[in-house]
Amino acid sequence: MSRKPVHLAVYDTFADWETGHTTAWLARVGYEIRTVGPSAAQVTSIGGLCVQPALSLAELRPEDSSLLILPGADLWDTGDDLAPFARTARAFLDAGVPVAAICGATAGLAREGLLDDRAHTSGAAMYLAVSGYKGGERYVEADAVTDGDLITAGPTEPVAFAREVFGRLGDVFEGEKLDAWYRLFHDSDPAAYETLNS
């Protein structure tokens, strides 16, 4: 089956560990993972990984994508450098293309107004509250939350984040296998290995 690529946003200080489970398993089932930077210039993750984006944000179109993934980054909390990524997330959601945001990216979406009317989570409710957003009543104390085409998670939940992405896309793992995948990688449950590989 031919799938549209998954687009992974990359920018200086991005949290390289937060999306590894998600992108690895999406690639394993046939999704092409394409990196998107603020420009075509190389970026460096918070862990020191240098990444050459496959395309610039200006080249990205929702109709060419299956999903936009926004990892956390120090830059989400130090100014408006990443605001164009939040605006792009709005365009994706308006076009019915899923967006998955983890850690600091949730604050960027809050500032853009994208969490005002959607159930969501993050690292802590007060982290988002300082953004001045109007969605505090929609905040959910959970490891990860999906509301329609929007997935959010806090910085300590990369496995739950991946689980929600897989559930939303529906063609990685489903039902019992999705639960087993989560139990294996989140809880180190050896019984889940048999279910996952049956």
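**View 1. Phe166 and Trp181, a buried pair of rings.** In this predicted model, Phe166 and Trp181 are both buried. Their ring centres sit 5.0 Å apart with the planes at 75°, so this pair is called edge-to-face, since that label goes to planes over 60 degrees apart.

**View 2. Trp25 meets Phe173.** A search through the whole structure turns up nine aromatic pairs. Take Trp25 and Phe173: with centres 5.5 Å apart and planes at 55°, the pair comes out as tilted. Trp25 is part of helix α1 (residues 20–28), while Phe173 is in the loop between α5 (158–169) and α6 (175–187), so the pair ties together parts 148 residues apart in sequence.

**View 3. A cluster of rings.** Ring pairs join Trp25, Phe166, Phe173, Trp181 and Phe185 into a cluster.

**View 4. Arginines over ring faces.** Which residue lies over the face of Trp25? That's Arg28, at 4.4 Å from the ring centre. Arg163 lies over the face of Tyr182, with 4.5 Å to the ring centre.

Note on methods
Residues are numbered from 1 along each chain as its sequence is written. This is a predicted model: local features need pLDDT of at least 70, side-chain atom pairs count only at pLDDT 80 or more; totals for chains, interfaces and linings use all residues. Side-chain values use heavy atoms; hydrogens and water are left out. Rings of Phe, Tyr and Trp (its six-membered ring) pair if their centres lie within 6.5 Å; planes under 30 degrees apart count as stacked, over 60 as edge-to-face and the rest as tilted. Helices (H or I, at least four residues) and strands (E, at least two) are DSSP runs, numbered from the N terminus. Buried means under 20% relative accessible area, exposed over 50%, partly exposed in between (1.4 Å probe, protein chains only). A charge sits over a ring if NZ of Lys or CZ of Arg is within 6 Å of the ring centre and within 35 degrees of the ring normal.
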